[in-house]
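Let's take a walk through a protein model together. Have a look at the picture first, and then read on.

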Amino acid sequence: MTIRYHSMLCFGRHETSGNTALVVEGFSSDAIERQTLARQRSVAATVFIDRSSDGKVCLDFYYPHARSPLCLHATLAASAVLFEQHPDSTRLEVVTSLRGQVLQIEKHGERILVDLQVQACPPVTIDAQQAALLLGANATDLIGAPRLASVGSAKLLVEVRNESTLYGLAPDLAGIAAWSQANGVSGLYAWCTTGNDVYAGRNFNHLDPRLEDAGTGVAAGALAAMLKHDITLHQGDGLGQPCTLFASYQDGIVKVGGRAVADRG
């Protein structure tokens with residue numbers, strides 16, 4: 001099969017904004033070669049679409065520095081490619097490579113939604129002082145204790161006082177990566193409320209500050225799961241890539257979604 005590449009913008013508030021993802025089809029090689037490609041392309045996330053002989057679609061996710069069990073903005077990117085190939089379809093099912101997680105995906109106009117279940121987190125504790133050190137902040141800048149939540153990839157959720165604090169953070173990215181790896185957690189997500197169930201956030205899960213996520217679906221899902229209500233999440237404004245993510249919560253089921261369009265830039 002010919003290798004095909006699709007550059008996508010996900011969760012973008014506008015046609016030209018969003019978190020970047022590279023979708024790759026027909027790349028039938030091992031994890032080492034896939035990680036090498038992801039590192040060379042150096043986009044926020046790379047997802048490989050694999051098809052089994054019985055027709056199942058499997059998604060394999062990579063950041064430049066590590067393989068991931070789940071990346072929702074890359075899931076949106078791959079889903080947009082698959083829906084484009086099957087224009088009469090509004091639902092599809094995929095399986096994640098690393099953990100075999102089954103994802104149900106729906107298309108509603110421009111919005112793609114992924115159904116997820118709240119999952120157990122590693123038995124990890126971290127106090128506000130430790131989290132503040134990782135964020136390059138003062139403990140007084142944080143609200144409450146950091147908490148873990150997961151819809152497939154555990155996030156450490158740290159609430160900060162306001163957007164000024166959020167955008168002024170100077171995180172220790174190497175420290176966050178080391179702590180995350182040691183504790184089986186997929187990075188740290190700092191967030192604040194802006195009112196009326198609208199929130200703002202920043203995700204720290206890359207070693208290179210230039211690769212900060214403009215939109216992080218697993219964090220939106222984790223935040224909705226922790227708060228136990230529907231949310232609208234703004235991210236990427238400080239990066240010049242404004243994103244809007246939607247997450248709903250009901251009885252342990254989370255839907256996360258947004259837009260995914262081809263990157264014409």
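**A tour of pockets, a helix and a threonine**

Three elements, β1 (4-10), α2 (72-85) and β16 (260-262), each give at least two residues to the lining of the second largest pocket. Helices here are DSSP runs of H or I with at least four residues, strands are runs of E with at least two, and both are numbered from the N terminus. This is a predicted model, in which local features need pLDDT of at least 70, side-chain atom pairs count only at pLDDT 80 or more, and totals for chains, interfaces and linings use all residues. Residues are numbered from 1 along each chain as its sequence is written, and side-chain values use heavy atoms, with hydrogens and water left out.

How do we find empty space? Rolling a probe the size of a water molecule over the atoms shows where empty space is left. On a 1 Å grid over the protein atoms alone, a pocket is an open set of points where a 1.4 Å probe fits, with protein on both sides within 12 Å along at least five of seven lines, and lining residues have an atom within 4 Å of a point. The volume is the space filled by probe spheres set on the points, which are joined across faces, edges and corners.

The second largest pocket holds about 310 Å³ of space. It is lined by 16 residues, and M8, A80, V81, E84 and A260 are the closest to its centre. Helix α2 gives the most to this lining, with five residues.

Now turn to the largest pocket, with a volume of about 470 Å³. Of its 25 lining residues, S180, Q181, V185, S186 and N205 lie nearest the centre. Here α5 gives the most, with four residues.

Next, visit helix α3 (residues 128-135), where A131, A132, L134 and L135 are buried, meaning under 20% relative accessible area with a 1.4 Å probe, protein chains only. Seen down the axis of α3, these buried residues fall within an arc of 160° (taken from the directions from the helix axis to the C-beta atoms), so they line one face of the helix. They pack against β10 (155-159), α5, β11 (188-195) and β12, where contact means heavy atoms within 4.5 Å.

Our last stop is T216, in the loop between β12 (198-204) and α6 (217-227). Is T216 buried or exposed? T216 counts as buried because its relative accessibility is 5%. Leaving aside residues up to four places away in sequence, T216 touches K155, Y189, N203, Q235 and L245.

How values were computed:
Buried < 20%, exposed > 50% of the residue type's maximum accessible area, 1.4 Å probe, protein only.
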